[in-house]
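Reader: I would like to learn how to read a model like this one, feature by feature. Where do we begin?

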Amino acid sequence: MDFKKLQAVKVDREGDGTTIVTLNRPEKRNAMSPQMHFEMVDVLKELAEDRETRVLVLTGAGDSWCAGQDIKLFFRDLDDKPKERYLARLANHEWRWTLLSTFPKPTIAMVNGYCFGGAFVQLYACDFAIAADNATFGLSEVNWGILPGGLVGKVIMDGLSYRDAVWYSMTGEPMDAKTAAAIRLINKSVPAEMLRAETMALAASLSKKNPQTLRTIKESLRFVRGMSIEQAADYLLAKERELRFLDPESGREKATTQFLEEKTYRPGLGEYNRGNP
Ligand code: COA
């Protein structure tokens with residue numbers, strides 16, 4: 001795929017296993033247009049098995065992460081175009097949930113500024129979220145007469161406390177990044193000038209870990225949420241066996257030998273020596 005042809009998205013491979021995907025409509029605060037949705041579907045499909053991508057970072061161009069759906073291009077302009085609306089909605093759901101939440105590598109939302117409405121879906125679809133102290137979050141749907149739809153209502157009910165989800169969706173009150181971290185909408189907020197370095201440090205540490213183990217952990221944790229105790233126990237046992245079968249570097253066996261026989265590491269304090277996988 002020729003990333004240079006993209007117009008609403010930018011892709012930068014950093015050369016160290018981290019790939020930065022940037023929503024790129026800064027003049028519209030990276031509001032999501034149908035074109036952005038279509039491009040993101042292609043980009044995520046391309047990067048999923050890309051050898052140079054071990055960690056994906058999702059950010060926004062300029063001073064905004066994502067101002068939600070483009071109220072003109074995604075909503076009003078498509079109101080009387082059922083086919084275009086159908087295709088845009090499919091793409092919108094496909095990249096922000098189907099592809100991103102199951103992306104086979106770790107994903108980090110690097111929230112550099114505004115994050116409103118529909119942007120909460122990709123925020124939750126990412127495994128990690130780090131924001132700049134000056135970022136602003138908001139469930140602003142109520143302010144313009146709609147509900148937090150298109151999965152927003154679902155991800156906030158799964159991810160926030162009932163009190164916080166209701167508070168922010170019914171008041172439409174913006175929240176700063178410190179509050180977002182305090183209610184666990186994000187992992188942490190850092191000074192704006194540190195955002196990139198902090199994100200890259202996390203990406204670098206994830207890049208060094210066993211990729212098949214990371215993939216199985218994220219799949220397991222996402223799917224186990226909706227299961228009963230019995231289902232979860234059985235599913236996790238099956239995933240454990242699947243990991244042993246699929247892991248090309250036999251991490252479990254290596255790590256066990258290094259701890260029990262070689263006594264060269266402490267699993268509680270750091271990871272086993274992967275050698276040169
Ligand atoms: N849809 C369409 N256009 C949007 C947009 C959106 N969600 N968010 C911003 N824009 C456009 C503005 O219309 C403006 O376009 P123009 O330059 O052609 O007039 C441009 O982006 C810049 O926006 P502006 O409001 O001037 O920038 P700002 O920095 O003062 O404020 C925001 C930024 C994000 C606070 C403000 O634009 C806003 O509230 N946007 C809507 C956010 C929202 O409620 N999203 C939920 C949608 S689900």
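Predicted model: local features only at pLDDT ≥ 70, side-chain atom pairs only at ≥ 80, totals over all residues.

Reader: How many salt bridges does a search of the whole structure find?

Author: The search finds 19 salt bridges. In one of them, the side chains of aspartate 70 and arginine 25 meet at 2.9 Å, N to O. That pair links distant parts of the chain: aspartate 70 is in the loop between β4 (64–66) and α2 (71–75), while arginine 25 is in the loop between β2 (18–23) and α1, 45 residues apart. Aspartate 70 and arginine 25 are both buried.

Reader: Which residue forms a salt bridge with glutamate 249?

Author: Arginine 274 does, and the closest N and O atoms of the two are 2.7 Å apart. Glutamate 249 sits in the loop between α10 (229–246) and α11 (251–260), and arginine 274 in the segment after α11, so this pair ties together parts that are 25 residues apart in sequence. Both glutamate 249 and arginine 274 are buried.

Reader: Let us turn to domains. How is the chain divided?

Author: The chain is divided into domain 1, residues 3–207, and domain 2, residues 211–260. Their C-alpha centres lie 28 Å apart. The contact takes 16 residues from domain 1 and five residues from domain 2.

Reader: What area do domain 1 and domain 2 bury between them?

Author: The size of an interface is often given as the accessible area lost when the parts come together. For domain 1 and domain 2, about 750 Å² is buried between them, with 45% of it on carbon and sulfur atoms. The count of salt bridges between domain 1 and domain 2 is three. As a separate entry, aspartate 127 forms a salt bridge with arginine 222, the closest N and O atoms being 3.7 Å apart.

Reader: Now for single residues. Is leucine 47 buried or exposed?

Author: A residue counts as buried when its relative accessible area is under 20%. Leucine 47 has a value of 0%, so it is buried. Its place is in helix α1, residues 34–48. Apart from neighbours within four places in sequence, leucine 47 is in contact with Phe3, Val11, Thr19, Val21, Thr53, Leu56, Phe103 and Lys105.

Reader: Where is threonine 22, and what is it in contact with?

Author: Threonine 22 is in strand β2. At 8% relative accessibility, it counts as buried. Leaving aside neighbours within four places in sequence, threonine 22 is in contact with Ala8, Val9, Lys10, Thr59, Gly60 and Ala61.

Reader: And the surface: which residues make a nonpolar patch?

Author: Phe38, Tyr86, Leu87 and Leu90 make a nonpolar surface patch of about 400 Å². Helix α3 (residues 82–101) gives the largest share of this patch, three residues. Tyrosine 86 lies in helix α3, and at 52% relative accessibility it counts as exposed.

Reader: Last, how should I read separation along the chain against separation in space?

Author: Leucine 47 and serine 140 are 93 residues apart in sequence and 31 Å apart in space, C-alpha to C-alpha. For glycine 149 and serine 228, 79 residues apart along the chain, the C-alpha atoms are separated by 27 Å. Glycine 149 is found in the loop between β8 (136–138) and α5 (152–159), and at 27% relative accessibility it counts as partly exposed.

Definitions and conventions. Residues numbered from 1 in each chain as written. Heavy atoms only, no water. Helix = DSSP H or I, 4+ residues; strand = E, 2+ residues; numbered from the N terminus. Buried < 20%, exposed > 50% of the residue type's maximum accessible area, 1.4 Å probe, protein only. Contact = heavy atoms within 4.5 Å. Patch = residues over 30% accessible without salt bridge, like charges linked within 9 Å, V, L, I, M, F, W, Y side chains within 5 Å. Areas by Shrake-Rupley, 256 points an atom, 1.4 Å probe, with all protein chains shown as cover. Salt bridge = Lys/Arg side-chain N within 4 Å of Asp/Glu carboxyl O. Domains from an automatic or database assignment. Buried area = accessible area lost by both parts, 1.4 Å probe.
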